[in-house]
Amino acid sequence: MNSFTAQQICDVLEGTLIGSTTQEITGIEEIRKATKSDLTFIGNKKYAKFWADSKASIAIISENIELAPGDNRVLIKVKNADLAMANMLEAFLPPTPVFETDINPTAVVHETATIGKGVQIGAHCYVGKNVTLGDGVKLYHNVSVFDDSTIGPQTVAWSGTVIRERSQIGAQCIFHNNVSIGADGFGYRPSDDGRGLIKIPHIGNVIIGNGVEIGANSCVDRAKFNSTIIGDGCKIDNLVQIAHNCILGRCCIMAGHSGLAGSVTLGDGVIIGGSASIKDHTTIESGATVGAGSGVMNNVAAGKTVLGYPATDSREMLKQWVALRKLAK
């Protein structure tokens with residue numbers, strides 16, 4: 001178990017120490033549940049009122065918050081308490097599950113696969129024909145990587161992940177449990193006799209950049225032709241759908257239950273709120289934000305925030321909601 005003194009924490013965060021305590025810290029907890037051995041944080045003024053009754057010995061606080069530490073307690077002032085807490089969480093991060101052998105005897109690795117240095121492959125994994133795994137790749141138990149796929153160095157795929165054929169994955173990516181990469185896109189057309197639907201083949205692939213993280217049970221479908229592309233640094237939450245031929249720029253964020261229909265384009269730094277839905281062939285330009293639960297039917301300009309169903313300028317939508325509330329009274 002890791003333990004830290006107040007001074008050690010302050011040194012790590014390069015903050016300002018206010019007060020003193022001899023208590024060492026062995027964990028992190030939110031302010032109302034913390035014990036005397038826990039570190040807590042106050043990033044918003046509305047939580048400052050809980051400090052007096054909190055049992056925590058040390059709190060990281062944002063520099064715009066004024067508080068007295070109290071007896072045998074310490075406040076550590078930093079520019080941004082939320083970011084500082086993220087740094088401390090890394091210090092308390094428990095070790096990940098250990099591989100007893102680099103390649104488990106139950107794993108099936110095709111003889112044509114190229115395996116880099118330090119690769120670890122768990123029980124019951126499948127690595128197909130002509131697959132390339134870069135140095136330090138980790139495949140936890142029950143991961144499948146199908147033919148002609150490439151995975152860059154230090155990428156981690158957690159149990160249940162399936163990476164279909166011809167996928168190209170960058171370095172230092174993280175795929176959480178049961179991620180699906182490269183399944184067929186959703187495409188059908190009516191049969192000539194009008195009695196059913198005919199499946200449209202999807203012969204493209206998926207290309208994922210470096211430093212991408214994809215949450216549990218999320219899906220990135222392969223392209224009808226060409227590629228579905230996820231740019232460097234994108235962060236995808238759990239239960240997200242990214243359809244065929246979508247293109248995401250750098251460092252986009254998609255929250256849980258959101259979805260992109262086919263051939264949607266996101267610029268750099270786009271933020272998609274939870275449960276938002278984006279119509280096919282729509283472009284959302286760099287820096288734009290889509291509010292949670294919104295339905296985007298048209299293109300969104302760079303830097304704009306849209307909200308509602310159908311989504312429109314957030315300020316205009318809020319005015320409409322206020323007007324409707326007044327009419328309902």
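Where is the place of Lys 49? Hold that thought for a second while I say what we are looking at.

Hi everyone. This is a predicted model, so to speak of local features we need pLDDT of at least 70, and side-chain atom pairs count only at pLDDT 80 or more, while totals for chains, interfaces and linings use all residues. Residues are numbered from 1 along each chain as its sequence is written, and side-chain values use heavy atoms, with hydrogens and water left out.

Back to Lys 49: its place is in the loop between β3 and β4. When I say helix or strand, I mean DSSP runs numbered from the N terminus: helices are H or I with at least four residues, strands are E with at least two. Lys 49 counts as exposed, at 61% relative accessibility. For that word, the cut-offs are under 20% relative accessible area for buried, over 50% for exposed, and partly exposed in between, with a 1.4 Å probe and protein chains only. The C-alpha atoms of Lys 49 and Met 297 are separated by 43 Å, and the two residues are 248 apart along the chain.

Now the overall picture. The chain comes to three helices and 37 strands. Its C-alpha trace spans about 80 × 65 × 30 Å along the principal axes. Of its 329 residues, 43% count as buried. Take contacts, meaning heavy atoms within 4.5 Å: among those with a separation of 6 or more, 19% are between residues 24 or more positions apart.

As a reminder, strands of a sheet pair through backbone hydrogen bonds, either parallel or antiparallel. Strands β4 (residues 58-62) and β5 (residues 74-78) are joined in the parallel sense over five bridges, with Ser 62 standing opposite Val 78 in β5.

β16 and strand β21 (residues 205-208) run parallel, joined by two bridges, and Ile 169 stands opposite Ile 208 in β21. β21 also pairs in the parallel sense with strand β24 (residues 227-230), over four bridges. There, the bridge partner of Ile 208 is Ile 230.

Ile 208 turns up again in the largest nonpolar core: of its 48 residues, Leu 139, Ile 208, Ile 242, Leu 248 and Ile 284 touch the most other members. Such a core is a set of buried Ala, Val, Leu, Ile, Met, Phe, Trp, Tyr and Cys residues joined through side-chain atoms within 4.5 Å. Leaving out residues up to four places away in sequence, Leu 139 touches several residues, including Phe 99, Val 127, Leu 133 and Ala 157. Apart from that core lies another, of 17 residues, among them Ile 58, Ala 81, Ala 84 and Met 85.

Some loop residues are worth a stop too. Is Ser 258 buried or exposed? Ser 258 is buried, because its relative accessible area is 2%. You'll find Ser 258 in the loop between β28 (253-254) and β29. A polar atom of its side chain lies 2.6 Å from the backbone oxygen of Ala 255. That is a polar contact: a pair of N or O atoms within 3.5 Å, where, within protein, one must be able to donate a hydrogen and the other to accept it, and residues adjacent in sequence count only if both atoms are side-chain atoms.

Gln 172, in the loop between β16 (168-169) and β17 (174-175), has a positive phi near 55° without being a glycine. Gln 172 is exposed, with a relative accessible area of 57%. Ser 263 is not a glycine either, and has a positive phi of about 60°.

Tyr 309 and Pro 310 are joined by a cis peptide bond, with omega about 0°. Pro 310 sits in the loop between β36 (305-307) and β37 (312-313). Then Asp 313 caps the N-terminal end of α3, with a side-chain oxygen 3.1 Å from the backbone nitrogen of Arg 315. Thanks, everyone!

Methods
Two strands pair if DSSP finds at least two bridges between them.
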